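Dear colleague,

Please find the structure below, with the sequence alongside. My notes on what was found follow directly after it.

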Amino acid sequence: MDWGFILERSFSAMIGPEVVVYALAAVGLNVHFGYTGLMNFGQVGFMAAGAYGVGVSVFWLGWNFWIGIVFAFVYAGVLALLLGLPTLRLRADYLSLVTIAASETIRLLARSRVMQPITGGVEGVNQFAGPFYDLSPFELGKFYSFGPFKYLGRDVWVLLVGWTLLILITLMVRQLMGSPWGRTLRAIREDEDAARALGKNVYFYKMQSLMFGGMIGAVAGVLQVIQKSSVQADTFNPVITFTIWTILIIGGPGRVWSPIVGASIYWTLIVFVENTLRQLPPGLRATLEDSIQLSDFNIAMLRFILVGGGLLLLARFRPQGIFGSREEMALDRR
Amino acid sequence: MPASRRWARASGAIGLAIGLGVLAGNGQAQAQVSDDLGVIGTLQYSDATGAKVFVAGVELSIADVGGATSDKDGFFRISVPVPGEYSITLNTATLPAGVTLKDPERANLVALVSENADQRVIFPLITADSVVSVSEGNFSVRRVSQLTLEGLKLGLYLAMAAIGLSLIFGTTGLVNFAHAELITWGTLMAYFFNIYGLVGTFGFFSVLPPPFGGGVNFIVATLLATIMGGVLGFVLNRVIFRPSRASGVSLLAQMVMTIGLSILLRYLFVYFFGSRYRVYNEYASQRANKFWGIELTSRDAVAMVVSIIILIAVGIGLTRTRTGRAMRAVSDNRDLAESSGINVERVISQVWIFGGALAALSGTFFGFDTVKWDIGARILLLVFAAVTLGGLGTSFGALVGALIVGVAINWSTLVIDTELKNMTALIVLILALLLRPQGILGKKQRIG
């Protein structure tokens, strides 16, 4: 077993590109759920909207990459509007039904034969992120090390931009949530009827929250496809939404830094467990493969088993999250 | 009370352990693999009138393994030595004149042969004039009635899954996202009993005669799967949701719990069952019977009749029996039911058992074509659309909603690509919420 390798991977995962992407998506979900109390079960749909917004506008419409990014945000906002219109007047579970259904439908539509000329179908869209990497001050193919962290040049560039964005957006969310607008959102979360009695247009505020959080989700989607240099429908599986939920609940919903903390903990843990299992001594590995079918494929599946089990246990026993406080926000106070 | 509760927990845990054991055993069970494996298929195309024409005399081959020629029914079979991936090639030169592959680049398909059954491959064929016939025959009476029948079939299967979901929502207020996994559970249980028998998955038992070692008859397997569905429903309620209710976990937190549970179960299924597609031992591929131009396989006809009988029985049970009326009473108004002396927790437990069993039964039917680890998750959207359309919490609404969703989805293929037909469910869902959020049979106060 190569502990050095395992630790290097785990450290690099702690602040790696996945953390930035998932933390951004979780910031959006935090706006929805943590601050407004909206049960959005389709955050991955907004990520996909962002991803395809830029991918398709560059690949199919032949637009400039940067205009494509702007289009991606507008597109995600419109999607939020469309999903919010029928559901935000109804009880919380209806929004969850429609968002989970919509996110899965977006994936099915994007990967279908009919849409192949536009979205690339199952193969997806590649080679559109050139303009982003052209700006990179780092050599794309070279490895850079900083203390325990080690990344490819292209990832260093993605990380630099990603973390800057993530911190800026997090600070923006903090400012907004302290403003009268944000306090109205929290009032809606605590008691919708009371907010309505004070003359606030609850529907309107919820809609703004859904659109704002959805557009942050689109930033995550855009960053993810830039990092991977490809847009593929099947990476936007509904299970990603619930990974983001797990991350948010680990950090504690309704807290400013919880998405970053949660994402970092989640990815460090997952990378550590997967790499440790893959690096087990061959004899032990063979025994485990025979007895509990621990094949390479199943090691990859383990991540989702952990997400499922983790979400189940967190929601049951620690709804305010590991670091959250019950005073601010707990899942079961709603 | 504590004693009986302990007993209930223990028995539930045993039930779950047996179930997972059955799943886990599939690794060891490879000892009893049949050595008669093959790649099969039927070559056919639709002529200008929409009638099926079987293509004989076409050569197919698998490199280094062997070849075959399609017979007068268009059927071919190439035996393969061991499970695995095989690349099968159709010799396009041997196709009759005028008949071509729909996609000329796909004369070469990859078949993944699993250890239990022949793997079917499909080479879609067309003739020069059949292209025209598709657009002409699109809205033909024959096609519409065929799609309606398919829709009713889907709707009946969906209804069985949806009633449980709706009743669980009605009695506890919980939207159970893990319901899809109860469906998958039924499919997988039926598969394992059908292939491995009662205990045959545990390697050393596989030498026992059926029903213990070898696979049991599919009908028995279906019954057993239904029972296992009830067991899983009971266990989930007793081990997870009843304690949560008792300690006051909010409904939204419980909803997130069902999501966690759903992911946990789904990936446990793929962990132990694998991601390959499999088929039941019996009824996997049947030639369709024709009635007035409408095609239906015997197995689907039987399954539809069984579904109708079950649904009628459920309807009678809910309206005429004490238990059923208690279920509806709790669903209607929990507090009132409780104050009139109904043991609400007991009713909730019954609803979970009943819902789990029905979902499992629908799962065995959904698995007719292929058995896969995420079969429930793929139709979850449909079940939700059905339940919402009918009215969350109403059992008869779920039935009506399911039938409408089933037919609507199949009709939608008249105008959109088949691949996108499940999108119709989302449209139905959104329309229902816009126009009548309480659902067809729902009451207004529920939507809050």
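Helices (H or I, at least four residues) and strands (E, at least two) are taken as DSSP runs and numbered from the N terminus. On that basis, chain B has 13 helices and 13 strands, while chain A has 15 helices and four strands. The model is a predicted one, in which local features need pLDDT of at least 70 and side-chain atom pairs count only at pLDDT 80 or more, whereas totals for chains, interfaces and linings use all residues. Residues are numbered from 1 along each chain as its sequence is written, and chains are lettered from A and ligands numbered from 1 in the order in which they are written.

The chains as a whole

A residue is called buried if 20 or more other C-beta atoms, placed from the backbone, lie within 10 Å of its own, exposed if 12 or fewer do, and partly exposed in between. By this criterion 51% of the 334 residues of chain A are buried, and 47% of the 448 residues of chain B. Two residues are in contact if their C-beta atoms, placed from the backbone, lie within 7 Å. Among contacts with a separation of 6 or more, residues 24 or more positions apart account for 74% in chain A and for 71% in chain B. Along its principal axes, the C-alpha atoms of chain A fill a box of roughly 65 × 50 × 40 Å.

The contact between the chains

Chain A contributes 40 residues to the contact and chain B contributes 36. On the side of chain B that touches chain A, α6 (251–273), α11 (375–390) and α13 (423–435) each supply at least two residues. The largest share of that side, 15 residues, comes from α6(B). Its residues divide into 27 nonpolar, seven polar and two charged. Here Ala, Val, Leu, Ile, Met, Phe, Trp, Tyr, Cys and Pro count as nonpolar, Asp, Glu, Lys and Arg as charged, and the others, Gly among them, as polar.

Two helix pairs

Axes are lines fitted to C-alpha atoms, for helices over the stretch in contact, and angles run from 0 to 180 degrees between N-to-C directions. In chain A, helix α3 (residues 43–59) and helix α11 (residues 202–228) pack at about 55°, with their axes 7 Å apart. The two helices are therefore oblique to each other; angles under 35 degrees count as roughly parallel, over 145 as roughly antiparallel, 65 to 115 as roughly perpendicular and the rest as oblique. The residues that meet include Phe46(A) and Gly50(A) in α3(A), and Gly217(A) and Val222(A) in α11(A). The residues of this contact comprise 11 nonpolar, eight polar and no charged.

In chain B, the axes of helix α3 (residues 141–172) and helix α7 (residues 298–320) come within 9 Å and cross at roughly 40°. That makes α3(B) oblique to α7(B). Among the residues that meet are Leu156(B) and Ile163(B) in α3(B), and Met304(B) and Leu311(B) in α7(B). The residues of this contact divide into 10 nonpolar, one polar and two charged.

One residue in a loop

Ser229(A) lies in the loop between α11 and β4 (230–231) of chain A. Most residues other than glycine have a negative phi. Ser229(A) has a positive phi of about 60° although it is not a glycine. With 15 C-beta neighbours inside 10 Å, Ser229(A) counts as partly exposed.

Yours sincerely
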